[in-house]
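Trainee: I'm new to this one and would like a close look at a single part. Could you walk me through the aromatic rings and what sits around them?

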Amino acid sequence: MNRTKGDEEEYWNSSKFKAFTFDDEDDELSQLKESKRAVNSLRDFVDDDDEDDLERVSWTGEPVGRRTRPGSFQSLSDALSDTPAKSYAPELGRPKGEYRDYSNDWSPSDTVRRLRKGKVCSLERFRSLQDKIQLLEEAVSMHDGNVITAVLIFLKRTLSKEILFRELEVRQVALRHLIHFLKEIGDQKLLLDLFRFLDRTEELALSHYREHLTIQDPEKRKEFLKTCIGLPFSAEDSAHIQDHYTLLERQIIIEANDRHLESAGQTEIFRKHPRKASILNMPLVTTLFYSCFYHYTEAEGTFSSPINLKKTFKIPDKQYVLTALAARAKLRAWHDVDALFTTKNWLGYTKKRAPIGFHRVVEILHKNSAPVQILQEYVNLVEDVDTKLNLATKFKCHDVVIDTCRDLKDRQQLLAYRSKVDKGSAEEEKIDALLNSSQIRWKN
């Protein structure tokens, strides 16, 4: 969309905009990664290669560490006043009160230096293309981000976009500043035209993809995402765009069905646990948690089935188990928790297995107020003895602590633990019986 002068001035006067620095790289891929994580959060890079010959520029336009000079302009809109700056020193031979505008005598180099010092000056006297390009090159040679962008705003307003793009194509520093500026002010139309002119197809695709963020209606957003699937992304990014579309498609179906079930009031889970928010536009992991909470027992063939989501989006076992455990523990569905970790071998024997580690299982169960008996069962499954003792002590799984001290033949630790149980309790009696046993050969 086209931006007015007022929009461009707002860019410089609003603290919500970031500054371009010579070290900045295009952050569109990073923004797509954020979207990927929202789609597939199962999986930020900063590459600061300082260039000694370039100054890092803060958003105010002053290189970092430089003090603001007295008389500097507060914003570039002040510096780029359409009213030429005037000198009020009267010339010899002129009547008193008659003044000469000295700004017309300033060369591109003089003008850029004045801009850098924060002096008010007009750029309107630079009318020819040659003068405008010389002004831009002088600004680039100063290595001051605000001055470069100030000149680019002037060129954007006074040149056709075809000429502007052609001249910037061979001036990469200025080009990067313009791209950054257009992203910051949200001039998506001009940015797309620029990428199209430069034949930068992947950046063009990324810029197009970003437009989905402005679409509120779920159906319209879904249809827009569908138009992004065939765009020239990398193979990895294309897969994530497809996942984003598929996820929203699923969410629309699940949302419509669950809204109906909830309003009908016939489904127990929705009566006991009314939904607090819509599932639309939620990340994949949030959608999986929702599915494990409301649709855990559904057949794999349904869109809302947790297993269906796991297979469709290739969710790793660890992520699936962690999410399912959190959802079922929140519902205090302890039988489902038990089944989640019970496996059978080919001979039919069962055993407990936790790809996330039983120590994490214990933490999640305790967070959801699991009974001590259930906590003790899973604390006992922790293989590392020190970790087991720490968890058992922390969550007051007395039997686990007592039995572990017995197995370790650690009389001193058992004796110390005796002071932590209630007097006259079954646990105290158990400890006393062990301490008095002649059949245990204590190591201390």
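**A close look at the aromatic rings**

Mentor: Let's start in helix 14, which spans residues 284–294: Phe 289 and Phe 293 both belong to it, four residues apart, or about one turn of the helix. Keep in mind that this is a predicted model. Searching the whole structure turns up nine aromatic pairs. In the pair made by Phe 289 and Phe 293, the ring centres are 6.2 Å apart and the planes meet at 25 degrees; planes under 30 degrees apart count as stacked, so this pair is stacked.

Phe 289 has 27% relative accessibility, so it counts as partly exposed. Phe 293 has 10%, which is under the 20% cut-off, so it counts as buried.

Now hop over to another pair, Phe 341 with Tyr 378. Here the rings are edge-to-face, with 5.9 Å from centre to centre and 65 degrees between the planes. Phe 341 sits in helix 17 (residues 334–341) and Tyr 378 in helix 19 (residues 372–379), so this pair ties together parts that lie 37 residues apart in sequence. Both Phe 341 and Tyr 378 are buried.

Rings can have charged neighbours too. Take Phe 126: the charged end of Arg 125 sits over its ring, 4.7 Å from the centre. Tyr 320 has Lys 310 lying over its face, at 5.9 Å from the ring centre.

One more arginine deserves a look while we're talking about charges and rings. Arg 250 is in helix 12, which covers residues 235–264. Arg 250 is buried but has no salt bridge. The nearest side chain of opposite charge belongs to Glu 249, and that is 5.9 Å away, whereas a salt bridge needs a side-chain nitrogen within 4 Å of a carboxyl oxygen. So what does Arg 250 touch, leaving out residues up to four places away in sequence? Its contacts are Phe 303, Asn 308, Leu 309 and Thr 312.

At 58% relative accessibility, Lys 396 counts as exposed.

Technical notes: Residues numbered from 1 in each chain as written. Predicted model: local features only at pLDDT ≥ 70, side-chain atom pairs only at ≥ 80, totals over all residues. Heavy atoms only, no water. Phe/Tyr/Trp six-rings, centres within 6.5 Å; stacked < 30°, edge-to-face > 60°. Helix = DSSP H or I, 4+ residues; strand = E, 2+ residues; numbered from the N terminus. Buried < 20%, exposed > 50% of the residue type's maximum accessible area, 1.4 Å probe, protein only. Lys NZ or Arg CZ within 6 Å of the ring centre and 35° of its normal. Lys, Arg positive; Asp, Glu negative; His and termini not counted. Contact = heavy atoms within 4.5 Å.
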